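Take a moment to turn the model around on your screen before reading on. The tour below goes from the whole assembly down to individual strands.

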2 protein chains.
Amino acid sequence: MRGFDSTEFQLRTERAQRRMDEAGISALLLTTEPEIRYFTGYLTRFWESPTRPWFLIIPATGKPVAVIPSIGAALMAQTWVGDIRTWSAPDLTDDGVGLLTETLCEISPMDAVIGIPDGHETHIRMPLADFRRLQDGLGSRSLSGDSGILRDLRMVKSPAEISKIETACSIAGRAFDRVPEIAGEGKALDEVFRRFQMLCLEEGADWVPYLAGGAEQGGYSDVISPARSTALKPDDVLMLDTGLVWDGYFCDFDRNWSIGPASLEVRDAYAALIEASDTAFEAARPGATAADLFQIMNNVLSRNRGDTGAGRLGHGLGMSLTEWPSLIPTDHTVLEPGMVLTLEPGIAVGEKILVHEENIVITEGAPRFISPRVGPELPAI
Amino acid sequence: MRGFDSTEFQLRTERAQRRMDEAGISALLLTTEPEIRYFTGYLTRFWESPTRPWFLIIPATGKPVAVIPSIGAALMAQTWVGDIRTWSAPDLTDDGVGLLTETLCEISPMDAVIGIPDGHETHIRMPLADFRRLQDGLGSRSLSGDSGILRDLRMVKSPAEISKIETACSIAGRAFDRVPEIAGEGKALDEVFRRFQMLCLEEGADWVPYLAGGAEQGGYSDVISPARSTALKPDDVLMLDTGLVWDGYFCDFDRNWSIGPASLEVRDAYAALIEASDTAFEAARPGATAADLFQIMNNVLSRNRGDTGAGRLGHGLGMSLTEWPSLIPTDHTVLEPGMVLTLEPGIAVGEKILVHEENIVITEGAPRFISPRVGPELPAI
């Protein structure tokens with residue numbers, strides 16, 4: 001099913017409002033795509049354009065209030081949001097700030113605290129000059145952080161959200177299965193990237209916001225560079241890591257292939273990666289922490305060759321390619337049923353690295369792989 | 001050619017530094033993907049992850065200084081930037097703010113003004129809490145706007161930039177030519193979207209960050225909704241509007257097709273759109289303003305059926321899908337050689353709308369179409 005029942009948005013809103021009440025926050029002000037979509041279901045690729053700001057207010061009670069460019073009114077009217085206030089954007093004199101100020105003053109009392117997500121992985125998607133004007137216009141009302149409300153809410157997914165992430169994962173799984181059709185000795189890496197995105201679409205992705213990877217002798221140097229036109233050759237290890245989207249939800253996992261038979265060193269390193277993610281998987285139960293999963297993987301990797309210095313070995317996943325928590329030594333987030341995580345161990349092989357990534361769901365009992373689980377043998381093309 | 005000669009980045013930096021000197025700005029602080037890429041060539045899809053902040057400082061003289069997560073160091077080292085300072089991100093205690101503060105204090109004197117792009121179409125890509133800590137840490141140095149320096153610089157493209165946009169346009173042109181292979185009566189719109197993205201990739205796109213469109217009887221209601229699974233039927237007008245990327249530069253234009261023969265009303269409306277963009281094209285010469293192009297198109301549309309209320313009839317284009325200026329009545333930006341614009345007239349047809357879009361370059365003399373120019377007859381599939 002595309003979209004969600006409106007009860008899903010109602011529950012999310014009520015949950016936020018309970019937390020707002022506890023934190024003494026009268027209203028939440030949201031400005032980014034996933035934050036606004038989380039409470040409304042407002043889904044459009046139009047966010048690619050940086051021109052127009054968009055605002056959503058979660059009041060202390062009742063439905064969210066949208067303050068948005070008129071170009072988005074028709075689509076927003078298809079959501080459960082009733083109160084939609086618009087201006088004709090872009091307006092070079094006042095690009096929605098006046099309307100937003102007015103709305104916030106109407107919705108929240110004098111001296112109210114208005115919360116804005118302000119912690120890690122957040123930003124405010126409006127011009128700084130406009131943000132400063134907004135602050136001035138609110139008088140005795142203050143703009144503070146959101147006490148981590150958005151982070152906490154989005155971190156635990158509903159069954160309907162998990163089902164969308166699973167759909168994205170199975171699309172990617174089918175695309176990865178077909179990689180031997182498009183990759184092999186002599187094929188240029190940039191052409192493999194292009195063809196892999198086509199496979200993702202053909203298998204059902206709505207769009208493919210993220211593809212990274214690499215292919216070099218016995219590993220790769222880097223996992224964030226764009227693909228070059230170098231042809232694949234024997235002893236290369238090819239890695240493709242995709243975040244494709246289905247109905248607004250991401251998968252994020254990778255696969256590795258050796259071009260021709262791999263060296264013993266590479267095969268051992270790859271097997272250590274699988275051992276690391278499998279061991280973390282076994283431990284990924286309610287009560288364990290993000291840091292625990294890091295340590296478990298890091299122990300396996302250290303027994304073998306040491307990690308890659310990438311800084312984290314996995315993260316949350318959902319409406320964004322990467323979400324809270326981070327699998328790092330200092331993130332003590334306690335795992336709860338409904339969290340969706342990536343397990344992403346990396347290992348050094350000489351000057352090169354190998355990285356493996358799986359997606360899992362935390363449940364009441366044993367976790368569940370939602371990316372197709374792979375064995376310890378590096379496949380060859 | 002992929003990338004740019006380093007002289008291109010040197011020129012951009014020197015141009016910024018001259019403007020900074022005039023405006024009394026000691027350093028620019030940049031936080032978003034296109035801003036950082038503009039001065040460095042740092043190109044990666046890794047920005048899709050909201051986890052890590054990235055910073056680039058343009059000092060009063062000399063090369064830019066990068067303050068970035070260590071995961072990006074190897075790729076940044078391939079650019080012309082020499083001074084690359086890194087921290088292991090994410091760091092839940094100090095996610096680069098200390099290192100950034102230290103670097104800004106080293107680079108800019110006491111009481112210095114540090115400029116940050118703060119006007120329309122900008123935002124600061126770092127958490128608000130971190131931004132506030134940065135402000136506190138800078139002591140007597142102040143964070144002000146950038147006097148529109150980034151806007152002015154990016155608005156006028158170099159020949160090398162224009163050539164990349166032209167490449168993107170010709171890839172999209174070839175994909176649009178092949179739409180009859182994938183669209184027609186009975187084909188579901190979401191499948192047409194998927195297949196069109198595959199065509200863009202097959203024709204050479206690096207990735208397809210943007211696709212919008214619509215297909216309804218005699219026009220469409222909206223140009224920002226995701227595609228539904230409704231099958232195309234006779235009298236539908238199908239529109240596809242894509243922003244695909246080649247080497248970091250976008251095209252942004254659309255095409256319309258009638259499914260079966262179109263009504264006289266639709267054909268007339270479509271011809272009026274082409275007349276509007278052609279008339280604006282003729283006038284798009286140095287000295288004319290963005291507002292002039294709006295008025296010219298609006299006059300043609302008003303003589304016919306009136307515009308769609310979309311608010312603007314075109315915009316700049318380059319490293320982002322939409323850039324300055326805006327073709328609206330109040331944007332008096334004077335056209336200069338090197339600007340790349342979209343002409344995007346929209347027209348009402350009963351309850352529906354039609355939108356047409358072309359991409360052009362402003363030159364010393366007559367402008368040049370970089371999207372394949374189309375005639376006044378709506379093609380049928």
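What follows is a short walk through the chains, their domains, their helices and their sheets.

This is a predicted model, in which local features need pLDDT of at least 70, side-chain atom pairs count only at pLDDT 80 or more, and totals for chains, interfaces and linings use all residues. Residues are numbered from 1 along each chain as its sequence is written, while chains are lettered from A and ligands numbered from 1 in the order in which they are written.

## How the two chains meet

Let us begin with the pair. Chain A can be superposed on chain B by a rotation of 180° with 0.0 Å of shift along the axis, and the RMSD is 0.0 Å. (Copies are superposed by least squares on the C-alpha atoms of residues with pLDDT of at least 70 in both.) The two copies are thus related as by a two-fold rotation axis. Within chain A, A:Met198 has the C-alpha nearest this axis, at 2.5 Å.

Helices (H or I, at least four residues) and strands (E, at least two) are DSSP runs, numbered from the N terminus.

## Two helix pairs

One helix pair spans the two chains, and another lies within chain A. Axes are lines fitted to C-alpha atoms, for helices over the stretch in contact, and angles run from 0 to 180 degrees between N-to-C directions.

| Helix pair | Axes come within | Crossing angle |
|---|---|---|
| H9(A) and H9(B) | 9 Å | roughly 170° |
| H1(A) and H2(A) | 7 Å | roughly 115° |

Angles under 35 degrees count as roughly parallel, over 145 as roughly antiparallel, 65 to 115 as roughly perpendicular and the rest as oblique. H9(A) and H9(B) are therefore roughly antiparallel to each other. In H9(A), the residues A:Arg194, A:Gln197, A:Met198, A:Leu201 and A:Glu202 meet B:Arg194, B:Gln197, B:Met198, B:Leu201 and B:Glu202 of H9(B). This contact has four nonpolar, two polar and four charged residues.

H1(A) and H2(A), in turn, are therefore roughly perpendicular to each other. Their contact is made by A:Phe9, A:Arg12 and A:Thr13 of H1(A) together with A:Tyr38, A:Phe39 and A:Thr40 of H2(A).

## Domains of chain A

Chain A is assigned domain 1 (6-154) and domain 2 (159-369), with bounds that come from an automatic or database domain assignment. Their C-alpha centres lie 34 Å apart. Nine residues of domain 1 are in contact with eight residues of domain 2. On the domain 1 side, helix H2 (33-40) and helix H6 (149-155) of chain A are the elements giving two or more residues, and H2(A) gives the most, with three residues. That side has three nonpolar, no polar and six charged residues.

In chain B, find an open sheet of six strands in the order E4-E3-E2-E1-E5-E6, with mixed pairing; two strands pair if DSSP finds at least two bridges between them. Strand E4 (83-87) and strand E6 (142-145) of chain B stand at the edges with a single partner strand each, so one side of each is left without a neighbour in the sheet. E1(B) and E5(B) pair in the parallel sense over two bridges, and B:Ala27 stands opposite B:Ile114 in E5(B).

In chain A, five strands form an open sheet with antiparallel pairing, in the order E12-E11-E13-E16-E17. Its edge strands are E12 (323-326) and E17 (368-369) of chain A, each pairing on one side only. E16(A) and E17(A) pair over two bridges in the antiparallel sense, and A:Val361 has A:Arg368 in E17(A) as its bridge partner.

Notes: Contact = placed C-beta atoms within 7 Å. Nonpolar A, V, L, I, M, F, W, Y, C, P; charged D, E, K, R; others polar.
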